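Subject: Structure handed over, with notes on sheet, helices and ligand shell

Dear colleague,

Please find the structure we spoke about below. My notes come after it, and I would be glad if you read them alongside the coordinates.

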Amino acid sequence: MKSTPAEAAIRYATAMNTRPVNLLDHDEAGLRAFFASIGEQPFRAQQILKWVYHQGVMDFAAMTNLGVDLRRRLQELAVIEPPRVLREQVSLDGTTKWLMGLCDGGFGGGNAVETVFIPEPNRGTLCISSQVGCALNCSFCSTGAQGFSRNLTTGEIIGQVWQAARALGHERNGARRITNVVLMGMGEPLLNFDAVVPALSLLRDDLGYGLAAKRVTLSTAGLVPGIDRLRDTIDVALAVSLHAPDDALRETLVPLNRKYPIRELMRACADYVSDKHKRSVTFEYTLIDGVNDHPEQARALVKLLRRMPSKLNLIPFNPFPGTRYRCSPEARIREFQAIVMAGGLIATVRRTRGEDIDAACGQLVGQVLDRTRRSRMVRETGLTTIAGTLADGASR
Ligand code: SF4
């Protein structure tokens, strides 16, 4: 029988005795291919998934429904390797941030990303990263200012959830603490499509975290071909960083707009929601003092979004050292919200969470190894480069 490229690649890596396969890098289909490639029954994938994601077990020796020989083989061929928690900060309001070390620096001295858990009365949202840094350079985002280092692997993406779930444990009644996951941290997830989709699949799969489509949200700066591809690939909720009602302003905030202007973005969003009646898009709009918070901009936003099945998330700008922007005053935020709601949009203002740990937030990640040399360019243009933070990434 002819093998798929994934099977062939796994067989090659195994035969060449190269790096062991990190089983977190694979969704169910990938694990079935892995087991087939080593001559095992594909149903072993389901057993492994249950151990890893339901039981939180990563030691093959403890997987007692696998035969002794298979356990021994897995110890030779494979690993289950999530990022390592290097540091944890817990806010007075329960918001928890972790610095997750990635394996390329021996987990401690190299790249790292942040993961944030935000508890609310009826849900717990985990914000995860998809890249180290970001190449898109949005002008209001500290992650954007520091440049881009590399994509995360699937294992590094889903491994953030695994580590957070383990750190949080379960509530006394056995209920899950993580009820929602958003890819809204460092990075543009649609620029890391091939690693992100298996992670989304593990979040959705009953053998993984079993989350409903509306509880898994991918947030994008507006990569139109990626939105189209996502629509045809997997069912998750979509959030789009809009931040301006017109192209001229949006280009100054989200440079990607030069390539994919608002008209094309709206077409992609309309198509995303058109074939699944339960889908809607959340538009993120960071309110920046004197930049995008005028009443006429609120009215232009109504005109733009009124026919789209969507929600508008108004986010008070979260200042960071070196930024030229300020947060809109409270009264203007309320006025902006009132105008868009009067125009028929569903609009909420995101509450600020974890304020008492924000100060240290930018210090956690450290300097991203900037392969785009963006940090140097930013320094030369007078802006201070600081470490990217998930909170800032989340303020898209
Ligand atoms: S807002 Fe998002 S897409 Fe833009 S630079 Fe920051 S992390 Fe990247």
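The notes below take the sheet, then the helix contacts, then the ligand.

This is a predicted model, in which local features need pLDDT of at least 70 and side-chain atom pairs count only at pLDDT 80 or more, while totals for chains, interfaces and linings use all residues. Residues are numbered from 1 along each chain as its sequence is written.

The sheet is an open one of ten strands with mixed pairing, in the order β3-β4-β5-β6-β9-β10-β11-β12-β13-β14. Its edge strands, which pair on one side only, are β3 (84-90) and β14 (346-349), and the twist averages 20 degrees from one strand to the next. Here strands (E, at least two residues) and helices (H or I, at least four) are DSSP runs numbered from the N terminus, and two strands pair if DSSP finds at least two bridges between them. Strand β3 runs antiparallel to β4 (residues 96-101) and is joined to it by six bridges, with Thr-96 of β4 as the bridge partner of Val-90. Five bridges join the antiparallel strands β5 (residues 112-120) and β6 (residues 123-128), which form a hairpin with two residues between them; Pro-119 has Gly-124 in β6 as its bridge partner. On to β9 (residues 180-183), the pairing of β6 is parallel and counts four bridges, and Thr-125 is partnered there by Asn-180.

For the helices, axes are lines fitted to C-alpha atoms over the stretch in contact, and angles run from 0 to 180 degrees between N-to-C directions. The axes of α11 (residues 295-305) and α12 (residues 330-342) come within 9 Å and cross at roughly 30 degrees, which means that α11 is roughly parallel to α12 (angles under 35 degrees count as roughly parallel, over 145 as roughly antiparallel, 65 to 115 as roughly perpendicular and the rest as oblique). The contact (C-beta atoms, placed from the backbone, within 7 Å) is made by Pro-295, Ala-298, Arg-299, Leu-301 and Val-302 of α11 with Glu-335, Phe-336, Ile-339 and Val-340 of α12. By class, these residues are seven nonpolar, no polar and two charged, where Ala, Val, Leu, Ile, Met, Phe, Trp, Tyr, Cys and Pro count as nonpolar, Asp, Glu, Lys and Arg as charged, and the others, Gly among them, as polar.

The axes of α2 (residues 28-37) and α3 (residues 44-54) come within 8 Å and cross at roughly 125 degrees, so α2 is oblique to α3. In this pair, Glu-28, Leu-31, Arg-32 and Phe-35 of α2 meet Arg-44, Ala-45, Ile-48 and Leu-49 of α3, and the contact has five nonpolar, no polar and three charged residues.

Helices α6 (residues 154-168) and α7 (residues 193-204) pack at an angle of about 35 degrees, with their axes 8 Å apart. Thr-154, Ile-157 and Ile-158 of α6 meet Ala-195, Val-196, Pro-198, Ala-199 and Leu-202 of α7, a contact that divides into seven nonpolar, one polar and no charged residues.

Finally, the ligand is surrounded by 14 residues, of which the closest are Cys-134, Cys-138, Cys-141, Gly-144 and Ala-221; a residue is near a molecule if its C-beta atom, placed from the backbone, lies within 6 Å of it. By class, this shell has six nonpolar, six polar and two charged residues.

Technical notes: Two residues are in contact if their C-beta atoms, placed from the backbone, lie within 7 Å.
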